[in-house]
Amino acid sequence: MKVLFINPPYFNSKYKFIGLVAPPLGIAYMAAVLEENDIDVQIIDAAALEMSWETLESEIRRISPQIIAITALTPTIYHGLQTAQLAKKTCPEAMVIMGGYHPSFNYQEILEKDYVDLVIIGEGEYTMLELVKTMENGGDIKNVKGIAYGDGVLTPPRPLIQDLDELPFPARHLLPMDHYKILNMKLDTATLISGRGCPMQCSFCASAALHGNRLRMRSTDNVVDEMEHLIQDHDAGMIAFMDDTFTLKPSRVEEICDEIMRRDIDVYWGCTARVDNLSEKVLRKLSDSGCITLFLGVESADQQQLDRVNKQITIEKIRQAFSLARENDIRTIASVVLGMPGDTRESIERTIKFTKELNPSYAVFSLATPYPGTRFYQEAVQDNLIRVKDWSKYTLLSPVLDTVDCSRDELKSLQKKAFRQFYLRPVYLLKQVRMDGPILLKTVATMIKEV
């Protein structure tokens, strides 16, 4: 049986404004598990290849698979559905499957389309393997855990994968690795996920909703082995850890840093982090082992807002983390959310000012966006806060909620103001150009233009 995974063409990625096109590791993991079990599998990353619909149709016809599996996020779901429709038209006998965050939480909406046969719910590696094996052996798919099909038939949930080390590395050899980029520039940056799940339960996080509220971590050796694989087989000069929060367990962070240094691995890397578990000791280890960038959730300068979204951090911890990172020569990216329920024009202005005071290397100002599967979304629906039902607008750049005293047009204006006030400061530009070179100017131009 031949299986084809497709990352659909997209034009509304929620990361468009930073020019990010990253490898779809989810389907690359599933493809690797199938390959490990001698199943014929291919991947088309139509987004990275900037593939037209005509070319995609031609490729589907050429491959002629029996199973076509399509991944989609909320802002790309319409392109995912268009891809599914195209797949069913091109290969009418093929089973067309959808998976990913949005389909997992909105499977009934997806199955209303007569060109989608089945939805994979949650983690898909072993669900996909069992599904393929069941079809090859002529079995009944109703016995496959973790799927939805037909008129909304939902099979029992599949348990989360407890030992992540048992998974093979993602099948990056099936991906167009030379087409991934950030800031619209091709760089030798690779992505890696060292763990799944998060116990913190921030109300806006869809990833924790999908992967569970317990942190499942790969072993230190397994993680560092993959780093070496990325360097040796894919010429990675920079590695980005895409975990929900890489630094959640400081002792494990130190172990990974120590192993990187023990193996004398010469690579720059960056990771996601929380402001409340970055001690001087951890930051020094990070810096010594090659970590040059931390992505930190700031969200708001209003403690009440932080508490409302269950962030479990304080304003003082935010200040301390950015100060310590700077002292250890680690760049910081501040992630800020504007327009959360309860926000006012005054609180948003205060958050913009606070972000500048933190003096991060970069800042990303997103508009509050309730993604399906999150507590934020459930509360927004219950309180009738959502003003936009078009999923393609859920990009972090288009306002979909009103706040206490800000219309959506005013929120968009405040977001533009935040980017301009932060990036167009002469002192900031001079400092960052000295640190990062001319690339900084292109970064600023890209962000200002896209916002």
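I start with a working rule: a residue is buried when its relative accessible area is under 20%, and exposed when that area is over 50%. I also note that this is a predicted model.

**Entry 1**

I looked up F419 and found 0% relative accessibility, so F419 counts as buried. I checked Y423 next, and with 0% relative accessibility Y423 counts as buried too. These two residues form a stacked aromatic pair, with 6.2 Å from centre to centre and 15 degrees between the planes. Both sit in helix α15, four residues apart, which puts about one helical turn between F419 and Y423.

Which residues form one aromatic cluster with them? I listed F365, F419, F422, Y423 and Y428. One member, F422, also has a charge over its ring: R425 lies over the face of F422, 4.6 Å from the ring centre. I found another case of this kind at Y29, where the charged end of R196 sits over the ring at 5.2 Å from its centre.

My search of the whole structure gave 12 aromatic pairs. I picked out F241 and W269, whose ring centres are 5.3 Å apart and whose planes stand at 65 degrees, so this pair is edge-to-face. F241 belongs to strand β13 (residues 238–241) and W269 to strand β14 (residues 268–273), so the pair ties together parts that are 28 residues apart in sequence. Are these two buried or exposed? F241 is buried, with a relative accessible area of 2%, and W269 is buried as well, at 0%.

**Entry 1: the nonpolar cores**

I met W269 again in the largest nonpolar core, which has 65 residues. Which of its residues touch the most other members? They are W269, L286, L294 and I318. I followed L286 and, leaving aside residues up to four places away in sequence, noted its contacts with V253, C257, W269, L278, C291, L294 and I330. There is also a second, separate core of 43 residues, and its members include M51, A84, I110 and Y394. I keep a general reminder here: nonpolar side chains tend to be buried together in soluble globular proteins.

**Entry 2: helix α13**

I turned to helix α13, residues 345–358. Its 14 residues reach 20 Å from first C-alpha to last, close to the 20 Å expected at 1.5 Å a residue. I wrote down its buried residues as S347, I348, T351, I352, F354, T355 and L358. After α13 comes N359, with a positive phi near 60 degrees.

**Entry 3: helix α16**

I ended with helix α16 (residues 426–436), where the buried residues are Y428, Q432 and D436. They cover an arc of only 35 degrees around the axis, so they are on the same side of α16. The face turned away from that buried side carries P426, V427, L430 and R434, which are exposed. Among the elements covering the buried residues of α16 I noted β16, β17, α15 and α17 (439–450). Just after α16, G437 takes a positive phi of about 75 degrees.

Definitions and conventions:
Residues numbered from 1 in each chain as written. Predicted model: local features only at pLDDT ≥ 70, side-chain atom pairs only at ≥ 80, totals over all residues. Heavy atoms only, no water. Helix = DSSP H or I, 4+ residues; strand = E, 2+ residues; numbered from the N terminus. Expected span 1.5 Å × (residues − 1). Buried < 20%, exposed > 50% of the residue type's maximum accessible area, 1.4 Å probe, protein only. Core = buried A, V, L, I, M, F, W, Y, C linked by side-chain atoms within 4.5 Å. Contact = heavy atoms within 4.5 Å. Phe/Tyr/Trp six-rings, centres within 6.5 Å; stacked < 30°, edge-to-face > 60°. Lys NZ or Arg CZ within 6 Å of the ring centre and 35° of its normal. Arc of directions from axis to C-beta.
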